[in-house]
Amino acid sequence: MRKNFGAKPFLYPQPVLIIASYDENGVPDAMNAAWGGISESDQISMCLSPGHKTVKNILARKAFTVSMADAAHVTECDYVGIVSANQVPDKLAKAGFHTTKSEFVDAPLINELPMALECRLVSYDEDSCCMVGQIVNVCADESVLDAQGKIDPAKLDPITFDPVNGAYLRLGEKVGNAFKDGAKLK
């Protein structure tokens, strides 16, 4: 028997996305968001309310980066989600994060988070809070690459948001082969 919860934003896994931008003075800022994902082969869509300083920055600069939060930086990633740059302009520094300017867009990369999408703003709808970005580049630190030069999820150690229990979880082990295992049923 199933239990009904009603209309809730429950979906597993939910990514923990750290969205970074520069403000009008070139100061880096970042926020934590869970409501987002790939919406086209070269686009990411996220639900971000207009009151966020990061959103204001992105609308002004037309660029942002999206880093994958990882288990090694849970505290720092949570901090940038619970503190607003509208009140704490140097919250990225207070989190202990350091940045490098992206080579591809006018936005910062967070050095401590080893994987990021570098994006240009495509659109933002204030009514629905839907922001769409074109992925210009994906970069990953060599420390999270396997012997073939591909991103190794075990080395990346990304976390997911558990909306039901208000927790961050590690992603688990490999359980199958995409686009292959289902062929057994053909």
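Analyst: Happy to! This is a predicted model, and the protein has 4 helices and 12 strands.

User: How compact is the protein for its length?
Analyst: Its radius of gyration is 17 Å, close to the 16 Å that the globule rule gives for 186 residues, so the protein is as compact as a globular protein of that length. Along the principal axes, the C-alpha atoms fill a box of roughly 55 × 45 × 30 Å.

User: And what share of the residues is buried?
Analyst: Buried residues account for 39% of the 186. The protein exposes about 10900 Å², with carbon and sulfur atoms supplying 54% of that area.

User: What about contacts between residues at least 6 apart in sequence?
Analyst: Of those contacts, 58% join residues at least 24 apart.

User: Switching to charge: how many positive and negative side chains are there?
Analyst: There are 18 positive and 24 negative side chains, and the centres of the two sets lie 6 Å apart.

User: How many aromatic pairs does the structure hold?
Analyst: It holds 2 aromatic pairs. In one of them, the ring centres of Phe5 and Phe10 are 5.9 Å apart and the planes sit at 70°, so this pair is edge-to-face.

User: Are Phe5 and Phe10 buried or exposed, or in between?
Analyst: Phe5 is partly exposed at 47% relative accessibility, and Phe10 is also partly exposed, at 34%.

User: What about Phe161 and Tyr168?
Analyst: Phe161 and Tyr168 form a tilted pair, 6.2 Å centre to centre with 55° between the planes. Phe161 is partly exposed at 23% relative accessibility, and Tyr168 is partly exposed at 28%.

Note on methods: Residues are numbered from 1 along each chain as its sequence is written. This is a predicted model: local features need pLDDT of at least 70, side-chain atom pairs count only at pLDDT 80 or more; totals for chains, interfaces and linings use all residues. Side-chain values use heavy atoms; hydrogens and water are left out. Helices (H or I, at least four residues) and strands (E, at least two) are DSSP runs, numbered from the N terminus. The radius of gyration is taken over C-alpha atoms; the globule rule is 2.2 Å times the number of residues to the power 0.38. Buried means under 20% relative accessible area, exposed over 50%, partly exposed in between (1.4 Å probe, protein chains only). Contact means heavy atoms within 4.5 Å. Accessible areas come from the Shrake-Rupley method with a 1.4 Å probe; for residues, only the protein chains shown count as cover. Lys and Arg count as positive and Asp and Glu as negative; His and the chain ends are not counted. The place of a charge is taken as NZ of Lys, CZ of Arg, CG of Asp or CD of Glu. Rings of Phe, Tyr and Trp (its six-membered ring) pair if their centres lie within 6.5 Å; planes under 30 degrees apart count as stacked, over 60 as edge-to-face and the rest as tilted.
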